[in-house]
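Subject: A structure for you to look at

Hi there,

Here is the structure I promised to pass on. Please open it alongside this note, and take your time with it.

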Amino acid sequence: MFPAQHENLQIMSHAVVGFPSLEENEKAIAGLAEAGVRLIELQVPFSDPVADGHTLVNACYEALKHGGSVRATLDLAQKVCARHPEVTFVLMSYLNPLYRYGLEELFEKAAAVGIKGMIIPDWPVEEIEPWLPKLDALGLAPILMVTPNTAPERVEKIAHASRGMIYVVSRLGVTGHETQWGEKFRKYIAEIRKHTDLPLAVGFGVRTADDLNALTGKAEVAAFCSQYIEWQRDEGSEVAAEKMKKVISEIDTATT
Amino acid sequence: MIRSDNGYFGEFGGRFVPEILLPALTQLEDMFFALRDDPDFWQEYVTLCQEFSGRPTPLTPLRRLSKQLGGAQIWLKREDLNHSGAHKVNNVLGQGLLVQRMGKQRVIAETGAGQHGLASAIMAARLGLDCTIYMGAEDIERQYSNVFWMRQLGSKVQPVSTGAQTLKEALDEALRDWAASVETTHYVLGTACGPAPFPEMVSWFQGVISKEIREQAMRQIGRLPDEIVACVGGGSNAMGAFGDFLDDPEVALVGVEAGGISFEDGQHSVRLSHDTGETGIAQGYKTLFLQNDDGQLGDTHSIAAGLDYVGVSPILAYLSQQGRIIPESATDDEVTEAFSLLMKTEGIIPALESSHGLAGGFKRAREMSPDQHVVINLSGRGDKDIFNIARAFPQKEWTEFLQREAARSTELLAQKRGH
């Protein structure tokens, strides 16, 4: 399930379906679950991932060579949702692969295999609104993004259409670079909280235990994705899971 | 000029971008919508095009070639005579006026053939702006002369080495830059694609081409032409040439896509004419894309870097669906033949992109009668294609010259390092 408002910070991590291979995805997800991760994004690889930085762009290209697709994502989701009931799986995709599959059918299948939410960075709120009754009926949460330059009235609109969590993009830019968590960020979070009771998932630039500690008490979820994929790429899924476990233990110590 | 219904043209268009880009796009749209209804702004734009780029460009009759082909009278709209050598500069000068009003100090652009990049570099130099051009590594190899000039003009040319390393990847990378820099940077999108308001706005600026064609046809032919033909990559020169004639059903509008080597996947850039494109949503907009069953955008090929693109203007996709434009294609071989024919018969050196329009236009003109008139939009000149043409028509003297020049260049560099 998604965390409740003001629950302790937890990590959301990531799998790019097909990276480094479909078999390895299953092992990597088991490793993350074992490390204590309770939220995992399953990213459908895409040829033109415009909101991602080079780590995830290259992972997408690799994944496409190794059988990553919408169908492979649904197959993987079916397995891992059944195998790890303690983990909440979220579908992350650019719109076109889902659109090509057929949105209605995709939503139904995703919900049926156990996916709880969706992050679709190039699907604006105006296009999502007509789908809300359908998504609510399926229990599939659209997790929309708010960015530092989103106007207050638009934050209101996005908060109204979001379910489960709101994805707070920490800064301008794409995924995978550093972020500063100062006073400006605190005000940004406070402004979003005025419009919603949903938990906040902060993403873009969460790369170290220090980042996580900076987010403790400010957000319920930290999306720890590009750094994890870099570990997976450079040192393999097992080492990546160990490193993830260590990072999680470091926040636990810091908060208690 | 065509207006969207809230960013859409029929089912195509829209604005499918990461949330971070939305404020910049709505700001741009508000500004554009206000300015396009202001006649003084159009006058300011046309005056700038006249003073800086030599507009209006002529409508040139091809008397010898028309006679030789034995069909319709062929006219060329000479966008190749623009400053920078292509129609791309029209849109760039227009967006330059918007950048000045927004007060932004940096611009970015994507480029395929390098003509839009070159035009953007020229505008940035003229207005004193910082400028970064994203260009596929493959396109840099194909269009090095334009890269050379962009750098000389003071722009940064950033090679893009992901995927097929062509225009699609350059556009992705420009969007990524913009997501980080949107508060200080304007993205000078070069074609009638991308998120609203770009397709509508780029078409509006390029519409100066068709307004001139109308006046010149009335003066030189005495009536409107029977057909207007333009090559279609993203679609900016085609929308420019067609825009003012959409409500004149007696004027046929023909868009010629890049047929490449064959209709096999990855060997062409045909999205409209052979049911090869499928409706999709990517790069910020909904249109016909070359894609696979999983919605992954496909690889494309054309001898002309500027047409080597996976999507097409949502406005052209809509007009094609409505039957208002006739989509055609020309293969790489037909294109080099048309290139050569124009050069040798009329003394005009066309760009390879524009030579698609020539190939399609010549083919159609042959089937028409001598009292009919075809206008082909010659969107750019061919100087930039010197290396590609040399490859298409190999000559021993050229290869030997390149070897001597490479030796001289290496020696100069060594001397410079030695000092």
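Domain bounds here come from an automatic or database domain assignment. For chain B, that assignment gives domain 1 (8–50 + 86–201), domain 2 (60–85 + 203–383) and domain 3 (389–418). The C-alpha centres of domain 2 of chain B and domain 3 of chain B lie 35 Å apart.

A word on the basis of all this. This is a predicted model, in which local features need pLDDT of at least 70 and side-chain atom pairs count only at pLDDT 80 or more, while totals for chains, interfaces and linings use all residues. Residues are numbered from 1 along each chain as its sequence is written, chains are lettered from A and ligands numbered from 1 in the order in which they are written, and side-chain values use heavy atoms, with hydrogens and water left out.

Now the cavities. On a 1 Å grid over the protein atoms alone, a cavity is a set of points where a 1.4 Å probe fits but cannot get out, and its lining residues have an atom within 4 Å of a point. Grid points are joined across faces, edges and corners, and a volume is the space filled by probe spheres set on the points. The whole structure holds 7 cavities of 30 Å³ or more.

The largest cavity has a volume of about 310 Å³. Its lining has 26 residues, with B:His87, B:Lys88, B:Ala113, B:Gly306 and B:Glu353 nearest the centre. Where does the largest cavity lie? Domain 1 and domain 2 of chain B both give residues to the lining, so the cavity lies between them. By class, the lining divides into 6 nonpolar, 16 polar and 4 charged residues (Ala, Val, Leu, Ile, Met, Phe, Trp, Tyr, Cys and Pro count as nonpolar, Asp, Glu, Lys and Arg as charged, and the others, Gly among them, as polar).

The second largest cavity has about 210 Å³ of space. It is lined by 24 residues, and A:Leu56, A:Tyr167, A:Thr175, A:Phe204 and A:Cys225 are the closest to its centre. This lining has 13 nonpolar, 8 polar and 3 charged residues.

Helices (H or I, at least four residues) and strands (E, at least two) are DSSP runs, numbered from the N terminus, and two strands pair if DSSP finds at least two bridges between them. The open sheet has 9 strands with parallel pairing, in the order β5-β4-β3-β2-β1-β9-β8-β7-β6 (chain A). Its edge strands, β5 (141–142) and β6 (145–146), each pair on one side only.

Back in chain B, β11 (residues 278–282) and β12 run antiparallel, joined by 5 bridges. B:Glu278 stands opposite B:Phe289. In this hairpin, with 2 residues between the strands, B:Gln283 takes a positive phi near 50°. In strand β12 (residues 285–289), 5 of 5 residues are buried (under 20% relative accessible area, with a 1.4 Å probe and protein chains only).

Last, helix α4 (residues 88–102) of chain B: 13 of its 15 residues are buried, so α4(B) is largely enclosed by the rest of the structure. Just after α4(B), B:Gly103 takes a positive phi of about 75°.

Happy exploring!

Terms used. 1 Å grid on protein atoms, 1.4 Å probe; cavity = no way out; pocket = protein on both sides within 12 Å on 5 of 7 lines; lining within 4 Å. Buried < 20%, exposed > 50% of the residue type's maximum accessible area, 1.4 Å probe, protein only.
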